[in-house]
Structures are given as structure tokens and as C-alpha cells.
Amino acid sequence: MRVHCEVAKNLRTTNKLEKSYIEERKQFEGLKRTDRTRMATGKVYYALDDIDSYGVFLEWYEEDIKDFDRLYHQGLTVDRLAVHFNRTEDEIGILIMDRAIKGHLSVIQRQRKGKMVYN
């Protein structure tokens, strides 16, 4: 493996080895610094890692996701979506963020679909 050979030849320090490991691992993206000159230090905080202990569940069925996207684009509000899917508003809000970040939801498309449903 490339890294082990470099370490064996003393071409890389342990700190550089750790940095290259973190930078090449997708799940550690949050540890990257924007200036790329220093490693993050201290304990790592994982957002939403124990969210189910607070009564918020993030598991969804794929057929519900398709329905969710359609209803969101039709203009249903967070509280109406929560009632429709029998979920908390927190679960709906987190799903909206997830779907929007991944490019599946569009506010512009939602507004173009026409009438927004508020009540």
C-alpha cells in the first residue's frame, strides 16, 4: 500500500499519515479544515447520532419518499406532511433538509406547481 511504503522510508510523519487517512475517508469529511494546513483537534461531535433516543426516527420507506417529494412539491406544509405521514415535524424537517441537499427537492419547482397548501 502506498502509505505504508512512504512511512517505512520515513517520507511521512504519523501526523501526515493520519491526515491522509482522514482526507481519503468520506465519513471523516467533517474533520477537514478549509485551510487544509491543520488537523482538527479535540473530540468529534456527530450530529444526530442518538436522535432516536429523543423520539425522532429517520428511517423511511422508499415508496413514502416518492410520495413525500410529490406532496412537498405540491406545497404541503411541514405540519400537514407530519400529519399525512404520522411523523413529528422534526422528522419532516430533517427529511426536507436531506432531500434538498441531495438535490431532490426544489423550492422553485414547489412554487411553480401552483397553489401552496397552508391549512
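**Helical architecture and side-chain contacts of the predicted model**

E91 is buried, with a relative accessible area of 4%; here buried denotes under 20% relative accessible area, exposed over 50%, and partly exposed the range in between (1.4 Å probe, protein chains only). This residue takes part in a salt bridge with R87, in which the closest N and O atoms are 3.9 Å apart. A salt bridge is defined as a side-chain nitrogen of Lys or Arg within 4 Å of a carboxyl oxygen of Asp or Glu. The structure is a predicted model, in which local features require pLDDT of at least 70 and side-chain atom pairs count only at pLDDT 80 or more, while totals for chains, interfaces and linings use all residues. Residues are numbered from 1 along each chain as its sequence is written, and side-chain values use heavy atoms, with hydrogens and water left out.

The secondary structure of the chain comprises 6 helices and 0 strands, and from the N terminus on the elements follow the order α-α-α-α-α-α. Helices (H or I, at least four residues) and strands (E, at least two) are DSSP runs, numbered from the N terminus. Of the 119 residues in the chain, 24% count as buried.

In total, 4 salt bridges were found in a search of the whole structure. Side chains of opposite charge can pair when their charged atoms come close. One of the salt bridges joins R70 to D67, with 2.3 Å between the closest N and O atoms. Both R70 and D67 belong to helix α3, where they are 3 residues apart, about one turn of the helix. R70 is partly exposed, its relative accessible area being 43%.

A further salt bridge connects R99 with D69, and the closest N and O atoms of this pair are 2.5 Å apart. Because R99 lies in helix α5 (residues 89-101) and D69 in helix α3, the pair ties together parts that are 30 residues apart in sequence. R99 is buried, at 13% relative accessibility, and D69 is likewise buried, with a relative accessible area of 13%.

The C-alpha atoms of R99 and I65 are separated by 9.1 Å, although the two residues are 34 residues apart along the chain. I96 is also placed in helix α5 and counts as buried, at 16% relative accessibility. Between the C-alpha atoms of I96 and D69, 27 residues apart along the chain, the separation is 8.8 Å. D79, located in helix α4, is partly exposed, with a relative accessible area of 38%. The C-alpha atoms of D79 and E89 are separated by 6.1 Å, the two residues being 10 residues apart along the chain.

Aromatic contacts were also examined. Rings of Phe, Tyr and Trp (its six-membered ring) pair if their centres lie within 6.5 Å; planes under 30 degrees apart count as stacked, over 60 as edge-to-face and the rest as tilted. By this rule, 3 aromatic pairs are counted. In one of them, the ring centres of F68 and F85 are 5.9 Å apart and the planes stand at 50°, so the pair is tilted. This pair links distant parts of the chain, with F68 in helix α3 and F85 in helix α4 (residues 78-85), 17 residues apart. F68 and F85 are both buried. Together with W60, F68 and F85 are linked into a cluster by ring pairs.

On the surface, D49, D50, D52 and E59 form a patch of negative charge. Patches consist of residues with over 30% relative accessible area and no salt bridge, like charges being joined within 9 Å and nonpolar side chains (Val, Leu, Ile, Met, Phe, Trp, Tyr) within 5 Å. Lys and Arg count as positive and Asp and Glu as negative, without His and the chain ends; the place of a charge is taken as NZ of Lys, CZ of Arg, CG of Asp or CD of Glu. Accessible areas come from the Shrake-Rupley method with a 1.4 Å probe, and for residues only the protein chains shown count as cover. D49 is situated in the loop between α2 (14-24) and α3 (62-74) and is exposed, with a relative accessible area of 57%.

L48 is partly exposed, with a relative accessible area of 40%. N86 has a positive phi of about 55°, although this residue is not a glycine either. N86 is found in the loop between α4 and α5 and counts as exposed, at 70% relative accessibility.
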